[in-house]
Amino acid sequence: MIRDRKKKSIDRFFTLSPHIRWGLLLLIVAIFATGLYPSLVIKKHRYDIGDVVKADIKASEDFFIEDKAATEANRRQAADSVVTVYDLNPKILKGTVTRLNDAFDQLRLIYEHETRKMETESHTLPAPLSTTGEAPVEPADVPDLPQVPLEERMLANKSLFENIIGIEISTGAFSTFTEHGFSKEIPRLLTTVITQVLSTGVVANKEILLKESDKGITLRNVETLTEAHVLNLKQFYGPDQAKTMVRIVGDPLLKETNYALLNLIVDFSQRLIQPNVTLNTHETEARKKVAAEQIKPVLYMIKKGEMLLREGERVTPLQLRKLNAVEDQADAHRVPLAGFGAVALLTAILIIQYHVRLKRRMESANYDNKDLLFLSCIMVAFIIVVKISTTLPDSWFLGLPLSRPVSPVGFGIPLAAGAMIVCLFMGRETALIFALALALCTSMLLQGGLETFIYFILSCTMASWWLQDCRERKIIIKAGAKLGLLNAFLAVFIDIYMGTASWATLPFDVTVAFLGGIGAGIVTAGMAPVVEMVFGYTTDITLLELANLDRPILRRLMLEAPGTYHHCVVVGSLVEAAAAEIGANPILAKVCGYYHDIGKLKKPLYFIENQSNGRNRHDKLAPSMSALILIAHVKNGVEIAREHKLGQVIIDTIQQHHGTSLISYFYGKAKTVKGKDTVNIDDFRYPGPRPQTREAGLVMLADVVEAASRTLVKDLHLIARSFNKILNGIHHHRIEYPDSANATSRKAKNGSADRKPAKPPQAAKAKNPDDRQAHIKRLGLS
């Protein structure tokens, strides 16, 4: 007893506890948040260049990535466009002329000094003395002492000359200058020749200079810091050209000069000329660096949904940069504010829809947490489907190689299947509530706009409408075909609204939208049996299959318990008509009527409708044992129903069709035999529970009339009217055929052995006609 109470308490907790409902809400919200930001729970594989991609990776949102190759090319182009800088150094010419003049001026002074000195020495020399002490020798007799030549004296100053002028000269060249007394004419001629050559410009390497012929050079004066753009680079002399130009310039100037001096001046000029135009590598590179830095990075957009990595390919440097850019952006905006807003919005929608619309419907339809679990599972399943659809390859849809353009609307997602499945098991009203939440959730997952929400809500709404009162499986496929056509038209309208309608996008969108509708029908048809098995639901399609009187369990009931079979068929007909009158499910009511007494198959002869020989087996049994046998047919019926997988709704009706009613006949008999005080009334009651649905209540009314007032008080009038109509049809008078007609002809005319003419019941003649008429007026015949 304690264990049973504990089990009932646990069942009641899972069935009715609000904590379970909050838990289901948190489950949906958590899955939705994970769908928005998978990086919260999914650790992505890190790739390196050359790795084989394990799965397709798409961009989750629009972002920009730098095209480093293009940026580098632009920067290189900018750097190459910078004109090379050459420095023009006027100091070289000035310094050369200055040194040249200083050298010749000083040596000229020395030369003049030595010349005067030699002249003085030649006039003041004393007479030589005799070595014997005798009188001086006469000049005519004394030999002249040797005098140091001027050239030798000047050679002592050669190094000074070289140091001043900056180059080494040969002794012969120095002697030639000495012979001409370091004349002023020589440095003048040298200056003229050197100036003419250096004024044009001399460059150390003309070949390198000429490579800049296309864009010229920037010639910068290092003294004034002025710059000039020079395009004619051939005007500048190279070292060899400069030497040639010295002779060309010097020949007309030196035509009066002797040949030796001419050659010396030319050679000396050639040696004094230095490049005065030099490449400024440092300045050029600095300007190229500045020009490159001024070039902005080249960015290109990666669109949402664009394939970054394809399964089986090797990772390239460009793909790796894209992937790193996506991950960096994801890390920087891991859970943006919009994500919290989306989760909060979905939570609000679910809570409001539950309290405003779904809760009241659940109470009226006797739904519990199991039904909320079913809705939650369908919601979670389609959130996953939507998320998976966003990661499919661009050339894949339902196995078809269709290349799709980027579109924010998931035309091909069979989302309507969710609403169709809910409609099959919980009705159109619940499906519409579910469709609103699912469409909103999908729109946020796809990050679509109003057009996405409208597409899915219209698709789900019409799918639910076309699937209401579905009693054949082919209706599901027909609904899928209708849905495909609707989706195709919606796709056209949405493309026109978004301004993306073109011959490139319309064929794809229309095709995929149509296939999405067909796919929704296929998914619904395939999932319906699974849902029935997992959640114990029963669809009208299954009920129609169970309503076939050729089902093995019903045929067995007809053969082994014909009275019970006939009773069940009559009850089924009664409750079907009554259910139609009060808006209940007629098919469910009829099937429950057919199967409500199948438990009597275990002991059919203990039930009076199956006793044909007038012998009642209860006559030899104690009242308590008889009551146990009668009560046991409920338990036996549940076992048989589970064995034949009839569905939980039929099992519930079998359990509830007697409620907790009292078996009054055997209870009275027991009190008569044992005494009133010794009999426990609970031993003569059915275990129940009482009917929990209108269909179960109808079965109870048809089976045990006295229990009707406790279940369907408001519907008694309609129920009684339909019951009277059916009973009049069953028990109407038939024409008596002649006795000569054989049994076969009678059976053929009547159509069934069960449809024999009913005798006018004598009991129907009530002693008090007024009372009888009053009761009829109350129960549907007024």
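## About the model

This is a predicted model, in which local features need pLDDT of at least 70, side-chain atom pairs count only at pLDDT 80 or more, and totals for chains, interfaces and linings use all residues. Residues are numbered from 1 along each chain as its sequence is written, and side-chain values use heavy atoms, with hydrogens and water left out.

Let us start with strand S4, residues 217-221. Helices (H or I, at least four residues) and strands (E, at least two) are DSSP runs, numbered from the N terminus. Five of the five residues of S4 are buried, so the strand is largely enclosed by the rest of the structure; buried means under 20% relative accessible area, exposed over 50%, and partly exposed in between (1.4 Å probe, protein chains only). Ile217, Leu219 and Asn221 point one way, while Thr218 and Arg220 point the other way.

Strands pair if DSSP finds at least two bridges between them. S4 runs parallel to strand S3 (residues 84-88), joined by five bridges, and Arg220 is the bridge partner of Asp87. With strand S5 (residues 227-230), S4 pairs in the antiparallel sense over four bridges. There, Leu219 stands opposite Ala228.

In helix H6 (residues 158-165), the buried residues are Lys158, Phe161, Glu162, Ile164 and Ile165. Seen down the axis, they fall within an arc of 165 degrees, so they line one face of the helix; the arc is that of the directions from the helix axis to the C-beta atoms.

The whole structure has 21 aromatic pairs. Rings of Phe, Tyr and Trp (its six-membered ring) pair if their centres lie within 6.5 Å; planes under 30 degrees apart count as stacked, over 60 as edge-to-face and the rest as tilted. The ring centres of Phe161 and Phe177 are 6.2 Å apart and the planes are at 50 degrees, so this pair is tilted. Phe161 lies in H6 and Phe177 in helix H7 (residues 171-179), so the pair ties together parts 16 residues apart in sequence.

Phe374 and Phe535 form an edge-to-face pair, with 5.4 Å centre to centre and 70 degrees between the planes. This pair links helix H15 (residues 369-389) with helix H20, 161 residues apart.
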